[in-house]
Amino acid sequence: QVQLVESGGGLVQPGGSLRLSCAASGSISSIYAMGWYRQAPGKQRELVAAITSGGNTNYRDSVKGRFTIIRDNAKNTVYLQMNSLKPEDTAVYYCYADIVSYRGEDFLSWGQGTQVTVSS
C-alpha cells in the first residue's frame with residue numbers, strides 16, 4: 001500500500017510565495033514521474049508541473065518562471081515552490097507519483113489535495 005501526504009497549502013496575498021510538499025511512503029520499489037495537478041472551482045484538473053526520476057521538468061505555460069518543481073529521490077518527496085502567486089493560481093493542488101511496487105505493479109498514486117488561495 002502506498003500513501004502520498006501533502007502539506008504546505010494556505011492563504012497568501014498576490015505576489016506572495018508558498019511551498020507545497022508531497023511525501024510518498026509504503027511499498028515502493030521505485031518512482032518514475034512525480035508532479036502536481038490543480039483544480040479550480042468549476043474547471044477541469046490541469047497539470048501544473050512534473051519531474052522525472054532523472055530530473056527533467058515540465059511546466060504549464062502560465063506558471064513558467066514563477067513555479068519550481070524539485071524532487072528528493074532519497075526521501076520520495078516532491079516539492080512545488082510557488083512564487084509571485086496570482087489570484088488565478090487559486091485551486092486545490094494534488095500531487096501524484098508513478099510508482100512501481102515491490103510486487104512489480106506500476107500505478108499512479110494521488111495525494112489528498114491541499115487548498116491554495118491567493119487573495120488580498
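## Terms and an aromatic pair

A residue is called buried when its relative accessible area is under 20%, exposed when that value is over 50%, and partly exposed in between. Tyr37, at 25% relative accessibility, therefore counts as partly exposed, whereas Tyr96, with a relative accessible area of 9%, is buried. The model discussed here is a predicted one.

The structure holds 3 aromatic pairs. One of them is formed by Tyr37 and Tyr96, whose arrangement is edge-to-face, with 5.6 Å from centre to centre and 65 degrees between the planes. Because Tyr37 lies in strand β4 and Tyr96 in strand β9, this pair ties together parts of the chain that are 59 residues apart in sequence. Ring pairs also bring in Trp110, so that Tyr37, Tyr96 and Trp110 are linked into a cluster.

## An open sheet of four strands

In which order do the strands of the open sheet of 4 strands stand? The order is β1-β3-β8-β7, and the pairing is antiparallel. β1 and β7 stand at the edges with a single partner strand each, so one side of each of these two strands is left without a neighbour in the sheet. From one strand to the next, the twist averages 15 degrees.

Strand β8, which covers residues 77–82, is joined to strand β3 (residues 18–26) by 6 bridges, and 6 bridges also join it to strand β7 (residues 67–72).

In soluble globular proteins, nonpolar side chains tend to be buried together. The largest nonpolar core of this model has 30 residues, among which Trp36, Leu80, Met82 and Tyr93 touch the most other members. Two or more residues are given to this core by each of β1, β3, β4, β5, β7, β8, β9 and β11, and the largest share, 5 residues, comes from β9.

Leu80 shows how such contacts reach across the chain. Leaving aside residues up to four places away in sequence, Leu80 touches Leu18, Arg19, Leu20, Trp36, Val48, Ala49, Phe67, Thr68, Ile69 and Tyr93.

Ser101 is found in the loop between β9 and β10, and at 5% relative accessibility it counts as buried. Apart from its neighbours within four places in sequence, Ser101 is in contact with Ser27, Ser29 and Phe107.

## Charges over rings

Arg19 lies over the face of Tyr79, at 4.3 Å from the ring centre, and Arg45 lies over the face of Tyr94, at 3.9 Å from the ring centre.

## Backbone angles in two loops

Most residues other than glycine have a negative phi. Asn76, although not a glycine, has a positive phi of about 50 degrees. Strands β7 and β8 form a hairpin with 4 residues between them, and Asn76 is in the turn. With a relative accessible area of 24%, Asn76 is partly exposed.

Ser84, in the loop between β8 and β9, also has a positive phi of about 50 degrees although it is not a glycine. At 40% relative accessibility, Ser84 counts as partly exposed.

Notes. Residues are numbered from 1 along each chain as its sequence is written. This is a predicted model: local features need pLDDT of at least 70, side-chain atom pairs count only at pLDDT 80 or more; totals for chains, interfaces and linings use all residues. Side-chain values use heavy atoms; hydrogens and water are left out. Two strands pair if DSSP finds at least two bridges between them. A nonpolar core is a set of buried Ala, Val, Leu, Ile, Met, Phe, Trp, Tyr and Cys residues joined through side-chain atoms within 4.5 Å. Buried means under 20% relative accessible area, exposed over 50%, partly exposed in between (1.4 Å probe, protein chains only). Contact means heavy atoms within 4.5 Å. Axes are lines fitted to C-alpha atoms, for helices over the stretch in contact, and angles run from 0 to 180 degrees between N-to-C directions. Rings of Phe, Tyr and Trp (its six-membered ring) pair if their centres lie within 6.5 Å; planes under 30 degrees apart count as stacked, over 60 as edge-to-face and the rest as tilted. A charge sits over a ring if NZ of Lys or CZ of Arg is within 6 Å of the ring centre and within 35 degrees of the ring normal.
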